[in-house]
Amino acid sequence: TYTDFELVWDWKISPKGNSGLKYRIQDHLFLPDQRVARFEDNVNAALKNRRTDRPAKDQDYVIGFEYQMTDNAANSDAMRNGKLHQTAALYDIFPASKDVTKAVGEFNQSRLVVRGDHVEHWLNGEKLVDASLQAPEVAASMAKRWGQGSPVYELLVKQPVKACPISLQNHDDVAWWKNIKIRRL
């Protein structure tokens with residue numbers, strides 16, 4: 001688990017791919033393998049009716065902030081939702097200030113700095129997000145996506161856990177990771 005840290009890694013994504021790195025993780029749960037109208041409703045319901053076993057087919061989900069890594073030009077989520085869902089964004093909260101992503105199939109180098117509530121997202125040597133996890137945009141985004149007062153909203157806006165695990169995320173798309181290095185600050 002990490003509180004303040006700097007993390008660097010190299011990565012590449014497959015065509016149309018979507019991946020990410022989750023940090024400041026507040027909780028972990030298993031989502032039922034069922035179709036619901038909204039993914040967010042499934043997560044909130046799973047938090048209220050938490051499973052204690054590890055099901056064979058259910059999704060393992062972590063509640064935290066995400067450094068987004070995707071094929072900006074061809075991934076449906078990145079195209080549909082724009083800059084808030086593109087590479088180096090603080091997913092769904094702060095967009096990257098510009099696109100410096102290398103071509104799909106080439107390795108990018110990312111850097112994440114978390115110090116207190118301050119975060120920096122770097123890509124290929126350029127700082128693209130410089131933000132506070134206590135900024136009003138965080139609460140506004142969480143209210144819009146998860147519902148104000150929902151369990152996920154409370155966890156991400158209040159962030160009661162400061163020493164947190166980090167998770168490599170995948171959406172069943174091929175992604176490559178290498179040269180992962182972390183240091184405590």
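**The largest pocket and the sheet**

Author: In this predicted model, the lining of the largest pocket draws at least two residues from each of β2 (18-31), α1 (39-48), β3 (59-70), α2 (76-81), α3 (136-146), α4 (151-158) and β7 (167-170). Among these contributors, β3 gives the most, supplying nine residues to the lining. The lining comprises 44 residues, and the space in this pocket amounts to about 1000 Å³. Nearest the centre of the pocket lie Phe39, Gln59, Tyr61, Arg145 and His171. Sorted by class, the lining residues are 16 nonpolar, 13 polar and 15 charged.

The sheet may be described next. Five strands make up an open sheet, arranged in the order β6-β5-β4-β1-β8, and their pairing is antiparallel. At its edges stand β6 (126-132) and β8 (175-184), each of which pairs on one side only. On average, neighbouring strands of this sheet are turned by 15 degrees against each other, direction ignored. In general, the strands of a sheet pair through backbone hydrogen bonds, in either a parallel or an antiparallel manner.

Strand β1, which covers residues 5-13, pairs with β8 in the antiparallel sense over eight bridges. Within this part of the sheet, Ile13 stands opposite Ala175 in β8.

How values were computed
Residues are numbered from 1 along each chain as its sequence is written. This is a predicted model: local features need pLDDT of at least 70, side-chain atom pairs count only at pLDDT 80 or more; totals for chains, interfaces and linings use all residues. Side-chain values use heavy atoms; hydrogens and water are left out. Two strands pair if DSSP finds at least two bridges between them. Helices (H or I, at least four residues) and strands (E, at least two) are DSSP runs, numbered from the N terminus. Axes are lines fitted to C-alpha atoms, for helices over the stretch in contact, and angles run from 0 to 180 degrees between N-to-C directions. On a 1 Å grid over the protein atoms alone, a cavity is a set of points where a 1.4 Å probe fits but cannot get out, and a pocket is an open set with protein on both sides within 12 Å along at least five of seven lines; lining residues have an atom within 4 Å of a point. Grid points are joined across faces, edges and corners, and a volume is the space filled by probe spheres set on the points. Ala, Val, Leu, Ile, Met, Phe, Trp, Tyr, Cys and Pro count as nonpolar, Asp, Glu, Lys and Arg as charged, and the others, Gly among them, as polar.
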